Amino acid sequence: MTVSTKKDHKLAEIFLTGTAAMQDLPLYSNLKKSAKEVLEESGMPTLKNEEYKYTAISKRISDQLTHFGTPSSIDNLQKKIQGQQELFRLEEGYTLVCNNGIVDAHLSKIDPQLFQLQALTELSEEKAAQIGGIEKNEFDPFTALNSLCFRDGIRIDIPDGKIIEKPLLLVNFVRPDENGACIHPRVFIQVGKNAQLTLIEQTIYLGEDPVLVNSVSEWKVGQNAHVRSYKLQDGHKKNLEVSNTRSEVQQDASFTSIVLSLEGGMIRNNLSLDLNASNCEGNMYGLYLLNGKTHVDNHTNVDHKKPHSESNELYKGILADQSRGVFNGKIFVRQDAQKTNAFQQNNNILLSEDATVNTKPQLEIWADDVKCSHGCTTGQLDEEALFYLRARGIGKDAAKALLLHAFAGEVLDQLKEEGFKEYCEKVVHARLGGHY
Amino acid sequence: MLSIKNLHAAIEGTPILKGISLEIKPGEVHAIMGPNGSGKSTLASVLAGREEYEVTEGEVYFKGKDLLDLSPEDRAREGVFLAFQYPVEIPGVSSTNFLRTAVNQVREYRGQEPLDAVKFLSLMKEKMKLVEIDQKLLSRALNEGFSGGEKKKNEIFQMAVLEPTLSILDETDSGLDIDALKVVANGVNQLKTKENATIVVTHYQRLLDYIIPDYVHVLFDGRIVKSGSKDLALELEDKGYDWIKEEISGTTV
């Protein structure tokens with residue numbers, strides 16, 4: 001075998017060998033076959049790969065993990081949930097509990113009138129064939145890796161016209177064991193015409209052993225449907241997280257994503273919105289508060305294909321110690337997509353000289369009647385503002401926290417679900433008062 | 001109350017203040033005038049504790065405490081208030097939340113109980129009348145999108161709420177039309193008591209028609225070159241600063 005420096009074939013090989021002996025999932029044999037081909041061809045990405053030039057996650061996986069298999073399910077999860085302080089608890093709404101990536105029906109609370117919830121292994125052939133149709137294996141090696149490795153997953157269908165007023169909380173409990181330290185959650189959500197859904201995703205890490213969570217989420221958002229998707233990443237310094245989320249948005253529909261990255265070892269989020277029809281709205285917001293050696297990389301991509309669509313994007317970061325933030329925002333405006341409005345902002349505050357940010361906007365515009373703007377700033381805390389607050393009697397640390405909270409607030413304000421917003425504000429507030 | 005002795009200060013190695021001495025007693029209003037670049041704003045900044053200025057010589061005592069030894073926040077808590085020449089816009093920080101934090105940190109320093117929301121609100125309402133500030137402004141982010149006049153009014157409003165013993169107004173009048181100027185001056189006058197003192201730093205005599213000083217000092221090239229009563233301000237208005245400059249060079253030659 002020839003080894004090219006662009007690709008980490010060794011790591012891919014480990015996964016390919018590991019999964020070769022696994023029992024076949026006939027519903028997904030085509031998907032897995034194509035995943036295998038992609039990985040054989042491309043390997044896992046290294047720094048030589050343009051899309052991963054700042055994020056050496058494959059190397060981290062090789063260095064940090066010893067077991068590349070999937071851990072078995074966690075015993076007595078119910079008891080562990082009760083003692084879990086970091087868990088956001090819904091006052092009202094629906095909860096889906098996953099145990100190392102596999103849904104636990106007993107611990108979940110879902111109204112079958114509103115949701116059709118099925119395990120991927122129980123789908124009809126027709127429905128199973130849609131898995132991998134939105135986020136295709138060839139789009140990202142980690143998507144292919146997920147397709148290759150997942151043993152089950154979740155499909156949710158929201159019927160046409162169903163407005164789900166209370167949020168759906170998807171909690172994934174994760175704990176590596178002697179069988180493995182890699183989890184590949186797979187979710188497919190179809191939101192019917194005129195339907196509406198708010199999803200809150202949280203991963204709870206039990207213990208602090210090294211673990212990789214490599215998730216793929218596919219969304220099919222129907223005409224005039226409205227989706228809000230919130231993701232909270234608040235793990236520990238040894239967790240590696242890769243997420244590939246892609247949403248296909250139909251006419252008059254909207255999709256809003258908010259990703260809060262508060263703690264973790266290395267995190268890579270790929271978020272893509274395909275605005276496939278006219279009058280779509282796509283919103284992407286992110287907040288990352290990093291310290292220690294935490295590394296968070298957000299790659300976003302919005303593709304305007306038809307006229308009169310709008311996208312708004314705001315990612316903000318506060319970085320301390322030797323942490324690193326990466327932001328890459330692609331905006332495509334196709335020739336047909338006249339009257340597109342597309343806005344992108346990435347703002348960062350560096351609290352330490354050793355913290356780094358790499359930010360890159362990438363706009364490709366083929367239509368001529370559009371409004372697009374982008375901007376990025378990276379700087380220190382505003383000294384003048386800090387002095388102003390101190391000159392009024394506010395102590396230095398409190399003044400800093402006030403300014404940082406205000407900076408972060410612009411993203412937190414986008415959370416429309418009150419209970420979750422309060423929870424996040426509390427977590428962020430504690431962080432800004434303490435860790436920095 | 002405030003005793004400045006032979007104060008020297010520099011920014012990035014360039015000396016700006018070159019030996020200022022000044023005594024201020026409770027109940028007094030002192031005006032500091034002088035041409036651009038004479039060091040007026042530097043003096044205000046050094047007293048408030050702006051960190052980019054380095055004090056190279058001299059001492060400043062405030063109510064018996066070494067002021068230069070205190071952090072900016074502790075100076076404020078001791079009762080020093082600087083009304084900024086250019087109040088800073090701070091997006092995302094609400095005026096009310098900011099002021100409540102400030103009031104309660106000052107109270108904590110003085111060993112007083114924090115004000116609860118209700119008491120704080122009634123304090124705000126009382127002081128709002130004093131400076132004729134619109135309540136709507138206070139529900140917005142601090143100074144964000146405020147007009148020049150609104151920003152200066154907000155400074156005086158904060159001063160009213162914090163009730164300092166020594167207020168330093170740094171060019172509070174510059175850029176204000178006469179109506180806004182009157183409102184600001186009126187606020188300052190109403191806050192005047194026998195116990196507190198005010199330093200008015202200004203380039204224009206106009207403000208001193210409304211805030212009547214007990215003493216006027218002329219600052220030139222980092223030194224106080226002339227002190228007098230309010231009539232000195234009128235003389236300066238009449239003759240300009242060149243007259244002072246000539247007098248200085250005359251004496252030094």
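Mentor: Start at B:Asp221, which is partly exposed at a relative accessibility of 39%. The cut-offs: buried is under 20% relative accessible area, exposed is over 50%, and partly exposed lies in between (1.4 Å probe, protein chains only). This is a predicted model, in which local features need pLDDT of at least 70 and side-chain atom pairs pLDDT 80 or more, while totals for chains, interfaces and linings use all residues. Residues are numbered from 1 along each chain as its sequence is written, chains are lettered from A and ligands numbered from 1 in the order in which they are written, and side-chain values use heavy atoms, with hydrogens and water left out.

B:Asp221 is not a glycine, yet its phi is positive, about 50°. Its loop links S11 to strand S12 (223-228) of chain B. Helices (H or I, at least four residues) and strands (E, at least two) are DSSP runs, numbered from the N terminus. B:Glu163 also has a positive phi without being a glycine, about 45°. Its loop runs between H6 and S9 of chain B.

B:Ile212 sits between strand S10 (197-201) and strand S11 (215-220) of chain B. B:Ile212 is partly exposed, with a relative accessible area of 43%. Leave aside its neighbours within four places in sequence, and B:Ile212 is in contact (heavy atoms within 4.5 Å) with B:Val29 and B:Lys230. B:Val29 is 183 residues away in sequence, but the two C-alpha atoms are 7.4 Å apart.

S10 leads on to a helix. Helix H7 (residues 178-191) of chain B has buried residues that are covered by, among others, helix H4 (117-131), helix H6 (148-162), strand S9 (166-170) and S10 of chain B. The buried residues of H7(B) are B:Ala180, B:Leu181, B:Val183, B:Val184, B:Ala185, B:Gly187, B:Val188 and B:Leu191. The helix has 14 residues, which at 1.5 Å a residue should span 20 Å, and its end C-alpha atoms are 20 Å apart, in agreement. The expected span is 1.5 Å times one less than the number of residues. B:Asp177 caps the N-terminal end of H7(B), with a side-chain oxygen 3.2 Å from the backbone nitrogen of B:Asp179.

Chain B also holds an open, antiparallel sheet of four strands, in the order S2-S1-S4-S5. Strands pair if DSSP finds at least two bridges between them. Strand S2 (14-24) and strand S5 (65-66) of chain B are the edges, each with a single partner strand, so one side of each has no neighbour in the sheet. Strand S4 (residues 53-62) of chain B joins S5(B) by two bridges, and the two run antiparallel. There, B:Phe62 stands opposite B:Lys65. Helix H1 (residues 40-48) of chain B packs on this sheet and touches strand S1 (2-11), S2 and S4 of chain B. Its direction makes about 110° with that of S1(B). Axes are lines fitted to C-alpha atoms, for helices over the stretch in contact, and angles run from 0 to 180 degrees between N-to-C directions.

Next, cross to the other chain. 16 residues of chain A are in contact with 31 residues of chain B. The two chains bury about 1900 Å² between them, 63% of it on carbon and sulfur atoms. Buried area is the accessible area (1.4 Å probe) that two parts lose on being put together, summed over both. In chain A, A:Phe387, A:Tyr388 and A:Arg392 lose the most area to chain B, together 40% of what that side buries.

Chain A has its own open sheet. Ten strands line up as S4-S3-S7-S10-S12-S14-S16-S18-S20-S22, with mixed pairing. Strand S4 (102-103) and strand S22 (371-379) of chain A are the edges, each pairing on one side only. Strand S3 (residues 94-99) of chain A runs antiparallel to S4(A), joined by two bridges. In that pair, A:Asn99 has A:Ile102 as its bridge partner. Helix H8 (residues 396-412) of chain A packs on the sheet and touches strands S14 (254-263), S16 (281-290), S18 (310-319) and S20 (341-350) of chain A. The direction of H8 makes about 150° with that of S18(A).

Finish on strand S11 (residues 211-221) of chain A. Ten of its eleven residues are buried. Strand S9 (residues 186-191) of chain A runs parallel to S11(A), joined by six bridges. S11(A) also runs parallel to strand S13 (residues 239-249) of chain A, with eleven bridges. A:Glu218 stands opposite A:Arg246 in S13(A).

Methods:
Polar contact = N/O pair within 3.5 Å; in protein donor to acceptor, adjacent residues only side chain to side chain.
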